[in-house]
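Here is a friendly briefing to read alongside the model. Please have a look at the structure first, and then go through the topics below.

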Amino acid sequence: MINRQDLNNRSRLGGVFSAANDAISLPEAHSSVRIPESASKFRRFLAFVGPGYMVSVGYMDPGNWATDLAGGAQFGFTLLAVILISNLMAVLLQSLAARLGIATGYDLAQACRAYFPRGVNLVLWLACEIAIIACDLAEVIGTAIALQLLFNIPLVLGACLSALDAFLLLLLMRLGFRWLEAFVIALLGIIAACFAIQIVAAEPSVRGILEGFIPSPVILTNSDMLYIAIGIVGATVMPHNLYLHSALVQTRNYERTLDGKREAIAWSTLDSTIALTLALFVNAAILIVAASAFHGTGHQDVADISQAYTLISPLLGLGIASTLFAVALLAAGTNSTVTGTLAGQIIMEGFLHLRMTPWARRLLTRGLAIVPVVFVTLLYGAKGTGTLLVFSQIILSLQLPFAVIPLVWFVSSRQKMGKLVISRMTSAIAWGVAGLILILNFKLLYDTLVG
């Protein structure tokens, strides 16, 4: 373990702890993206574009589809407010994760290892691994369902084929990190285009959408609605994304000076904010399409992706709608596998200093996720996988405090962040977000155990 007394001494002298004596985050890509000197602000900003979009992948993965479809079909536009609030929380938390990585040279996992006792780190690491397995679970189900819908491949075989994504990541990493980012952004564009077409076909009520973005107290009093709402929070604010973002921002070769770090924080925050706005559009679009197609047409019970695929074309009156739906799902599942693998690597190396080749790491975690999917599919069929998909997002929500609380604690500490510490106002808002997440989780646990 890193000597915490030594880190405290360096913090008092320099204001910021340093990763100089520790392993760097994502060593194969660290500082690999050049920032052009003497270039316009726009060109310099473009050099920082990428990590935010890779992080945004987690905010529109197949797990989001399950919760958004269920929310739109059952409750119309009401839960749009939850998607908006969750997205605002995500923008704040991801900006804090980027700030931590740039200011300190540590990703969140490394920072935890540096400052927390071994027992605490073990608990945090286990919580992260559970979150990644839950995320993998959603990716396996989403990819398997998409393959079945598009190519009529059985769910069990599709789940097993999803393990091959490890080799896709390996190929992209060998081409270079910017190639990996370009691949991810291209798939995000496909997802956004597919849903833009479906929204036009759905012709939703503009008034209903605007009213849906206004929070309603019924969300807290209706237990069924609250269950879906917490699932949306868990599917939107992804715990492993906070670890991922704090590492990805360090792939840029910015000047490791105070001014250089300030510029990197500004551009990285803008990058993630724009990317998460795209994620907001996609999540809202899924719920809007579900509300327009299912809620008012006697199909409020639609919460299954396969069922939505079958109904969406005839209900929207657009023959290609179902195909667009499945293509977007496959793109989302493929994208999520890339970022999930990187997050797993960052967490394992940061907490344990244990290195594993990406393909081996991916096959291990993917294997752990495939087993329950195959088991549930064989016992309950496609309907069981839909329930499992929503449940996986609840698990993610329950893991959130284990990532959010350490992050906010680090970036609020002047001793650790030096002159790049967040303001008291930002700190208060961040702690408020952490508190809200805790309250929602306690409410969910209470309703589950007592109800």
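N152 is exposed, with a relative accessible area of 66% (exposed means over 50% relative accessible area, buried under 20%, and partly exposed in between, with a 1.4 Å probe and protein chains only). This is a predicted model, in which local features need pLDDT of at least 70 and side-chain atom pairs count only at pLDDT 80 or more, while totals for chains, interfaces and linings use all residues. Residues are numbered from 1 along each chain as its sequence is written, and side-chain values use heavy atoms, with hydrogens and water left out.

**Backbone: positive phi**

- N152 has a phi near 60 degrees, a positive value in a residue other than glycine.
- Its place is in the loop between α7 (118-151) and α8; helices here are DSSP runs (H or I, at least four residues), numbered from the N terminus.
- S31 also has a positive phi, about 55 degrees, although S31 is not a glycine.
- S31 lies in the loop between α1 (4-14) and α2, and counts as partly exposed at 23% relative accessibility.

**Salt bridges**

- The count comes to 4 salt bridges, where a salt bridge is a side-chain nitrogen of Lys or Arg within 4 Å of a carboxyl oxygen of Asp or Glu.
- R44 forms a salt bridge with E263, and their closest N and O atoms are 2.7 Å apart.
- R44 lies in helix α2 (residues 41-48) and E263 in helix α15 (residues 258-293), so this pair ties together parts that are 219 residues apart in sequence.
- R44 counts as buried at 17% relative accessibility, whereas E263 counts as partly exposed at 24%.
- E181 forms a salt bridge with R252, with the closest N and O atoms 2.7 Å apart.
- That pair links distant parts of the chain, 71 residues apart, with E181 in helix α10 (residues 177-202) and R252 in the loop between α14 (239-248) and α15.
- E181 is buried, with a relative accessible area of 1%, and R252 counts as buried at 0% relative accessibility.
- R178, E181 and R252 are linked in a network of salt bridges.
- E211 forms a salt bridge with R207, the closest N and O atoms being 3.0 Å apart.
- Both E211 and R207 lie in helix α11 (residues 206-212), 4 residues apart, which is about one turn of the helix.
- E211 is partly exposed, with a relative accessible area of 45%, while R207 counts as exposed at 64% relative accessibility.

**Cavity**

- The structure holds 1 cavity of 30 Å³ or more (on a 1 Å grid over the protein atoms alone, a cavity is a set of points where a 1.4 Å probe fits but cannot get out, and lining residues have an atom within 4 Å of a point).
- The largest cavity has a volume of about 40 Å³, a volume being the space filled by probe spheres set on the grid points, which are joined across faces, edges and corners.
- Residues lining the largest cavity include I24, D107, Q110 and E349.
- Helix α17 (residues 321-352) gives the most to this lining, with 4 residues.

**Surface patch**

- L157, L161, L164 and F167 form a nonpolar patch on the surface, with about 360 Å² of accessible area together (patches are made of residues with over 30% relative accessible area and no salt bridge, and nonpolar side chains, namely Val, Leu, Ile, Met, Phe, Trp and Tyr, are joined within 5 Å).
- L157 is found in helix α8 (residues 155-161) and is partly exposed, with a relative accessible area of 44%.

Terms used
On a 1 Å grid over the protein atoms alone, a cavity is a set of points where a 1.4 Å probe fits but cannot get out, and a pocket is an open set with protein on both sides within 12 Å along at least five of seven lines; lining residues have an atom within 4 Å of a point. Helices (H or I, at least four residues) and strands (E, at least two) are DSSP runs, numbered from the N terminus. Patches are made of residues with over 30% relative accessible area and no salt bridge: like charges are joined within 9 Å, nonpolar side chains (Val, Leu, Ile, Met, Phe, Trp, Tyr) within 5 Å. Accessible areas come from the Shrake-Rupley method with a 1.4 Å probe; for residues, only the protein chains shown count as cover.
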